[in-house]
Each structure stands twice: as structure tokens, then as C-alpha cells.
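Here is a friendly briefing on a protein structure. Take a look at the sequence and the model first, and then read on.

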Amino acid sequence: MYKQTGDLSVLPLLCHYPVKAQYMNTDPSYLSCHKNACMEYGEDNKCLVQTCSGSVTFHFVNIRTDLEFVFFAGGFDAPCILKRSPPIAFANPSQPLHGHLSTVDSTGTNMKLTWVSGDGSAQQVQYADGRNSTSLVTTFTQHDMCSDLSPAKDFGWHDPGYIHSAIMTGLQPSSSYFYKYGSESVGWSNDTKFSTPPASGANETTFIAYGDMGKAPLDKSLEHYIQPGSRSVIEAVGDEVAEGNIDSILHIGDISYATGFMVEWDFFLSMVTPAVAGKIAYMTAVGNHERDYPDSGSVYETPDSGGECGVAYESYFQMPTSVKDQPWYSFDQATVHITVISTEHDWSVNSTQYNWMRNDLASVDRAKTPWLIFAGHRPMYSSQADGLLPNVDSDFVKSVEPLLIQNKVDLALFGHVHNYERTCAVYESKCEGMPRKLGGKDGVDTYQSGGNYTAPVHVIIGMAGFTLDIFPTKVDNDWSLVRISEFGYTKVHATKEILSFEFVNSETKEVRDSFQITKVEIN
């Protein structure tokens with residue numbers, strides 16, 4: 001059932017949950033026998049048995065389970081074990097790890113910290129010079145996974161340990177504090193400096209948005225589902241966060257690509273938490289690789305989650321949702337209201353999610369948060385050729401797009417397609433508004449909103465890690481204005497009157513596209 005995960009790479013069939021594997025020829029001295037030793041001498045001191053040695057280096061994270069190292073021949077399809085190490089234990093398998101932040105509401109005064117540990121007893125987060133909060137402890141088991149034959153329930157299963165969460169209260173918006181988490185019995189994390197986002201109605205905010213990230217190894221290993229651009233993107237985003245000008249992150253679906261291999265969530269968390277998710281709010285949307293599975297209640301009957309069915313996602317990334325397996329929510333951040341939906345759950349007219357969307361969008365106080373951003377995983381517009389399923393579901397567009405127009409949504413952000421694409425202000429596949437170049441031919445593309453509102457600008461931002469989708473040579477539509485297949489992230493800055501948007505190449509740090517939407521009338 002390995003193909004259910006979407007990963008068609010070849011891995012050695014040596015154990016259940018994922019392995020990290022390297023060819024010995026990554027050490028040139030091994031095959032050339034530059035490092036040799038004689039193991040047996042004959043007459044005249046002549047060497048009868050000679051060995052050649054080499055070495056490879058593995059990077060691992062604390063997954064609370066003993067490790068074994070296996071030396072094998074015969075290739076990945078028919079591995080023949082030559083030598084196996086005894087089990088090697090982590091020094092502290094109960095160690096509290098991977099603390100990451102999310103917002104609880106729109107005040108900027110409360111933040112949730114979530115972390116992982118091998119210890120099921122309640123722990124604490126200590127913060128803001130003497131305050132503390134006790135964790136709620138949850139976990140999930142194989143019985144929570146979908147289908148008896150899914151990777152998540154069978155060969156991909158790995159005990160997730162315990163997920164702790166605690167809310168830090170009494171904070172000030174747009175302020176910095178320190179926290180540490182853990183307990184006297186299992187140890188404490190290092191002190192970490194974090195920042196709260198601005199409160200609803202504040203004058204401005206800046207956040208970073210992307211989708212479809214996943215993870216990649218720090219070593220030379222072959223392993224389950226490598227997303228080649230993920231490292232450069234998270235390192236570049238970490239640099240942005242370190243400069244102190246980013247208020248939050250919005251990751252809209254396809255988070256870790258664990259797809260039923262539970263240990264991969266630990267690897268993803270170890271990648272994003274130190275420089276990014278542990279320092280500012282990391283807000284997420286569910287994608288097909290977190291939720292979809294046949295007969296599970298998802299809209300799309302594909303096995304893309306490997307049997308996780310959203311259980312692992314909702315455990316590790318605890319967003320301010322009201323009901324389990326209804327992963328839609330909204331929040332304000334300064335001048336912006338962000339509505340986050342699930343494209344994988346029923347969005348048809350008069351469904352539970354549809355009614356929530358309609359009420360949420362209609363309730364926004366545009367005097368307090370003049371900008372309305374709509375975010376979900378699968379797009380409404382894409383020039384990319386379809387894969388196994390159409391990239392754009394016409395039924396989804398038919399049901400939900402009218403809500404965007406009725407409520408004057410300014411910007412719609414989507415992932416799923418692994419590139420960057422920007423539209424005109426579009427509705428029903430027709431350009432209702434085109435940007436104007438302010439400041440001459442080299443000026444910034446500027447869309448008019450406010451009193452002259454026409455339609456939302458749609459942007460696909462699924463270029464944060466997964467192997468890129470290349471656009472067709474010829475694109476026959478009028479609504480697609482910018483198409484770029486490069487790894488990167490987007491940065492949004494919003495004041496009361498102007499929303500500025502940039503797409504940044506994560507390897508070069510070059511701004512590859514930029515535009516703005518203005519509430520001020522353009523003459």
C-alpha cells in the first residue's frame with residue numbers, strides 16, 4: 001500500500017516506519033578501498049584477508065524510540081542484511097520538544113504553545129518573567145487512523161508520544177517575551193524569545209504565506225517523500241523572522257507530507273520550530289495530504305493522507321476551531337481579517353462549512369479590519385495542466401466564489417498547485433479589474449478596491465517545497481497575469497489603506513513579483 005502515500009520513490013524494505021538510507025558510495029574512499037586494514041596474515045607476513053572501510057553520517061531527531069543501524073547489500077528491492085547494530089536509545093526519550101505557537105483569538109494577548117514529549121503527565125510553559133500555564137495532554141493511536149490497510153495504521157505507524165498544549169495569557173499585542181516548557185522530571189526546553197501579533201484594529205501588520213512545504217533531510221539520505229525546496233524556504237523565512245518584522249505565518253495546506261508515516265511529523269516540526277514556528281504564530285489550513293482518504297468523509301476520495309484523515313494534523317497544529325474535524329476558522333490581525341477554510345470538507349451550498357463561511361464573511365467589521373483575505377488549499381483558478389484530478393473543482397468554484405463577491409473579498413490565497421500564479425481581479429473567469437502601473441511602466445501593479453471594488457485577486461502560493469509544477473508553454477486565458485515556477489514564499493504588508501504583496505525567491509532572496517491593492521481611489 002506504499003503508493004497510497006503518493007511517494008513513488010524506492011526505499012529498503014527493512015522496517016515498518018520510514019528509514020533513512022544512504023549508499024556507501026557517498027564515501028569515495030569505500031569503493032576505492034583507500035581506508036583498508038589487514039585482518040589476517042599468512043606466511044612471510046602476507047595479507048590474506050583485507051577489509052575496506054567507509055562511513056556515512058546520519059542526522060536524526062529524538063523520536064522517543066530506539067534506533068538500529070543496518071548494513072545491507074542487494075539493493076532496495078531485495079535487501080540482504082550483512083550486519084545490524086544493537087538498539088541505541090535516546091538519552092531522554094521523554095524530552096519536551098518542538099514547541100510551536102498559534103493565536104487563540106484576535107486580541108494579541110493570548111497565544112497557544114504546543115509541544116511533543118514522551119511523557120504523558122501534565123507539563124508547564126513558563127513565560128513572561130514568572131507566569132506559568134499547565135498543559136493539556138492529548139495523543140492518538142493506531143485505532144484513530146483510517147482503514148485497516150492504510151499506511152498510517154500499518155507499516156507507517158509510529159507512536160506519536162504525547163502532544164502538550166498550554167495557553168499563555170495576559171500578554172500585550174506586538175510585544176516580545178520569553179518562554180520555556182517542560183517539567184522537573186523530564187527536563188526543560190531552552191528559553192525562547194517570541195512575539196505576539198498586533199491586535200485587531202491596529203494600524204498595520206506583516207505576515208508570510210505559503211503552501212505545500214513538507215521537509216527535506218539535513219544529511220544525504222534517501223527517505224520518504226522529500227520536498228526539495230523546503231529547506232531553502234524555511235531558512236529564508238527564518239531570516240525574515242529574525243529581522244523582527246514578521247507577525248505570523250500562514251501555511252495553507254500540505255504541511256509535512258507525512259502521508260501516514262507518523263515519524264515524519266517529528267522531522268517536520270524539528271525543521272520549522274527553531275527559527276520560525278517557535279517564535280511567532282504559525283497558522284495553518286488543512287490540505288489533501290492531511291485529510292483525504294476513501295470512505296472517511298472527505299470530499300475527494302483519494303488516499304492522499306495515507307490514512308491519517310486529519311487526526312495527526314489537528315493534534316500537532318491546534319488552530320482556533322470550534323469542533324473536531326471541522327478545521328475552518330478565522331482571525332483578525334491588525335487591519336486584516338483572514339478566513340481559513342477546508343477545501344477537503346463539504347463546502348456545498350447550505351453545508352455546515354458553507355453556512356459558517358457565509359456568516360463569517362458577512363460579519364467582518366470593515367471599519368476595524370478593512371482587508372478581507374480568504375484562504376484554502378485547492379485553488380479556484382490555475383493555468384497548470386491537471387494531474388490525476390483536476391486542479392480546479394468547478395463545483396467548488398460554483399458554490400463558494402459568489403460568497404467572495406458578495407462580501408467583497410480583496411485577496412484569495414490558495415496552494416495545491418506547486419508554483420506561483422497571480423490573476424487579475426477575477427470573477428467567473430472574467431477580468432473585472434486590471435491592475436494599473438503606478439509611477440510609470442516600471443511602477444507597482446496596483447488594483448483598486450474600496451468604493452470601486454470589482455472582484456478578488458487570486459494568488460496560488462504552493463511553491464514552498466514540493467517539486468515544482470512547470471506551466472504549459474501556451475496559456476489560453478485572460479485572467480492569468482503572472483506565472484513563476486520557483487521555490488519561495490510570499491510576504492503581505494497591510495495598512496488601513498494599502499495591502500502590499502511580494503513573492504520572494506527563497507534561494508536568491510529576489511522579489512520576483514509584487515503588487516498592491518489600495519482602498520484609495522486611483523486617479
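In this predicted model, residues 207-420 are 29% helix and 16% strand. UniProt, in an unreviewed entry, annotates residues 207-420 as "domain: Calcineurin-like phosphoesterase".

- Residues 96-196 are 0% helix and 46% strand.
- From end to end, the C-alpha atoms of residues 96-196 are 22 Å apart.

**Disulfides in the model**

- A disulfide is a covalent bond between the sulfur atoms of two cysteines.
- How many disulfides does the structure hold? There are four.
- If you number the bonded cysteines in sequence order, the pairing reads 1-4, 2-3, 5-6, 7-8.

**Cys 33 and Cys 52**

- These two cysteines are joined by a disulfide, with an S to S distance of 1.7 Å.
- The pair links distant parts of the chain, 19 residues apart. Cys 33 sits in the loop between helix H1 (28-31) and strand E1 (36-41), while Cys 52 belongs to strand E2 (residues 47-52).
- The link of Cys 33 and Cys 52 is left-handed, with -80° about the S-S bond.
- Is Cys 33 buried or exposed? Cys 33 is buried because its relative accessible area is 16%, and buried means under 20%.
- Cys 52 is partly exposed, with a relative accessible area of 32%.

**Cys 38 and Cys 47**

- The sulfur atoms of Cys 38 and Cys 47 are 2.3 Å apart and form a disulfide.
- This link of Cys 38 and Cys 47 is right-handed, with 110° about the S-S bond.
- Cys 38 is partly exposed at a relative accessible area of 22%, and Cys 47 is partly exposed at 30%.

**Cys 424 and Cys 431**

- A disulfide connects Cys 424 to Cys 431, and the S to S distance is 2.1 Å.
- The link of Cys 424 and Cys 431 is left-handed, with -95° about the S-S bond.
- Cys 424 counts as buried because its relative accessibility is 0%, whereas Cys 431 counts as partly exposed at 32%.

**One more cysteine to find**

Key. Residues are numbered from 1 along each chain as its sequence is written. This is a predicted model: local features need pLDDT of at least 70, side-chain atom pairs count only at pLDDT 80 or more; totals for chains, interfaces and linings use all residues. Side-chain values use heavy atoms; hydrogens and water are left out. Helices (H or I, at least four residues) and strands (E, at least two) are DSSP runs, numbered from the N terminus. UniProt positions are given in the numbering used here, feature names are shortened, and annotations may be inferred rather than shown by experiment. A disulfide is a pair of cysteine sulfur atoms within 2.5 Å. Buried means under 20% relative accessible area, exposed over 50%, partly exposed in between (1.4 Å probe, protein chains only).
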